[in-house]
Amino acid sequence: MKKIKIKVNGKVKTVLNNSKLSDLVNNLNIPIKKVAIELNQEIIDKKKTSNIKLKKNDKIEIVHFIGGG
Amino acid sequence: MEEDNLKKDKLIIAKKKFESRLIVGTGKYKSMSECAKAIKLSGAEIVTVAVRRVNISNKNKPLLMDYIDPKKITYLPNTAGCFNSKDALRTLRLAREIGGWKLVKLEVLGDKTNLFPDMIETLKTTEVLAQEGFKIMVYCNDDPLMAKRLENAGADAIMPLAAPIGSGLGILNKINIHIIRKQTKLPVIIDAGLGQASDATIAMELGCDGVLVNTAIAKAKKPFEMALAFKNAVLAGRQSYNSGRIGKTLMGNPSSPIEGII
């Protein structure tokens, strides 16, 4: 099956061509309730990750809270 | 009775009531467990947190939420590290998405060495956030005119610096802080630059509604003791402020009666 390259948190990742955002989130073991996700600078509704098909060169940011002042 | 009065004296931010007037940061601790224990000892009900990328290569890295329960402690997402309005807006919109947080701390810095806020960008961002329904606590310099502008732009709390972030210098301009407190109905929280517990007492005696401390606790030789010291210092300062201090006189005034002297 064809593979595409995307960027997740600044790092290049190779995923299957027709994979969905929810597949990526599951594969990375991301606790979805504790994060926010951006796809190409647009915030994604976390309930709809299974409707979003990943495309070549997509830029994904997954963020959470860490210690800070 | 006096204790009852203290209990009624709550910190109110964006209509939400808090018992503690001490807000603490969660950065710079040696470990998350040390951070969690210090927060508990400080009695803080609000903690600031930063928004950063999830470490996707280390899936077992501990999460802040596993140590500090956001159902028990109010998370105050901040924009530390943002140097323009665009980045600050992006950060806070993401923070809201994580768990519906609307109460946020806005901090737009203008200089990488002194870490002073860029007030033009801060003001601009406050206006946008207010329109988007955020409840905004705004980090700002100790300028009464700028504090007024932030209030008019829709800020929910004014957070003037005591001194540069992490400097430990204490309150450098007490007069300005006093003027900022006198001119606004919004809560005024001293943010940044405190070095020791007595600095917090001074802030509270100036009439401030609270203080935000991170480095002074996290980087003290004994963070747990310092967390307790700040808790007590804030309480002492508030009680002192509420008690109405005596006036200042140039000359002495004996404490014992002159009458009946032998």
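This is a predicted model: local features need pLDDT of at least 70, side-chain atom pairs count only at pLDDT 80 or more; totals for chains, interfaces and linings use all residues.

Colleague: Can you give me one pair to look at? Which residue in S2(A) is the bridge partner of Ile6(A)?

Modeller: That's Lys13(A).

Colleague: And what happens between those two strands in the hairpin?

Modeller: There are 2 residues between the strands of that hairpin, and Asn9(A) takes a positive phi near 45°.

Colleague: Why does a positive phi get a mention?

Modeller: Because most residues other than glycine have a negative phi.

Colleague: Okay. Does S2(A) lie in the open or is it buried?

Modeller: Largely in the open. Strand S2 of chain A covers residues 11-16, and of its 6 residues the number buried is 0, so that's how we can tell.

Colleague: Let's zoom out. What does the secondary structure of chain A come to?

Modeller: Chain A has 1 helix and 5 strands. Reading from the N terminus, the order is β-β-α-β-β-β.

Colleague: How does its radius of gyration compare with the globule rule?

Modeller: The radius of gyration of chain A is 12 Å, close to the 11 Å that the globule rule gives for 69 residues, so chain A is as compact as a globular protein of that length. The C-alpha trace spans about 45 × 25 × 20 Å along its principal axes.

Colleague: How much of chain A counts as buried?

Modeller: 28% of its 69 residues. As for contacts in chain A with a separation of 6 or more, residues 24 or more positions apart account for 54% of them.

Colleague: I clicked on Asn40(A). Where is that?

Modeller: Asn40(A) is in the loop between S3 and strand S4 (42-43) of chain A. Its phi is near 45°, a positive value in a residue other than glycine.

Colleague: Is Asn40(A) buried or exposed?

Modeller: Exposed, because it has 12 other C-beta atoms within 10 Å, and 12 or fewer is the cut-off for that label.

Colleague: Now the contact between the chains. How many residues does each chain put in?

Modeller: Chain A gives 20 residues and chain B gives 27. On the side of chain A that touches chain B, the elements giving two or more residues are strand S3 (36-39) and strand S5 (59-67). The largest share, 7 residues, comes from S5(A).

Colleague: What kinds of residues are on that side of chain A?

Modeller: They divide into 10 nonpolar, 6 polar and 4 charged.

Colleague: What does S5(A) join up with in chain B?

Modeller: S5(A) runs antiparallel to strand S4 (residues 46-53) of chain B, and 5 bridges join the two. For one spot to look at, Ile66(A) stands opposite Ala50(B) in S4(B).

Colleague: Which residues have the most contacts inside the largest nonpolar core?

Modeller: Ile158(B), Val211(B) and Phe230(B), in a core of 93 residues. Not counting residues up to four places away in sequence, Ile158(B) touches several others, among them Val138(B), Leu150(B) and Ile180(B).

Colleague: One last stop. Where do I find Lys15(B)?

Modeller: In the loop between strand S1 (11-13) and S2 of chain B. Lys15(B) has a positive phi of about 70° although it is not a glycine, and it counts as exposed, with 7 C-beta neighbours inside 10 Å. Lys16(B) is in strand S2 (residues 16-18) of chain B and is partly exposed, with 14 other C-beta atoms within 10 Å.

Terms used: Residues are numbered from 1 along each chain as its sequence is written. Chains are lettered from A and ligands numbered from 1 in the order in which they are written. A nonpolar core is a set of buried Ala, Val, Leu, Ile, Met, Phe, Trp, Tyr and Cys residues joined through C-beta atoms within 7 Å. A residue is buried if 20 or more other C-beta atoms lie within 10 Å of its own, exposed if 12 or fewer, and partly exposed in between; C-beta atoms are placed from the backbone. Two residues are in contact if their C-beta atoms, placed from the backbone, lie within 7 Å. Helices (H or I, at least four residues) and strands (E, at least two) are DSSP runs, numbered from the N terminus. Two strands pair if DSSP finds at least two bridges between them. Ala, Val, Leu, Ile, Met, Phe, Trp, Tyr, Cys and Pro count as nonpolar, Asp, Glu, Lys and Arg as charged, and the others, Gly among them, as polar. The radius of gyration is taken over C-alpha atoms; the globule rule is 2.2 Å times the number of residues to the power 0.38.
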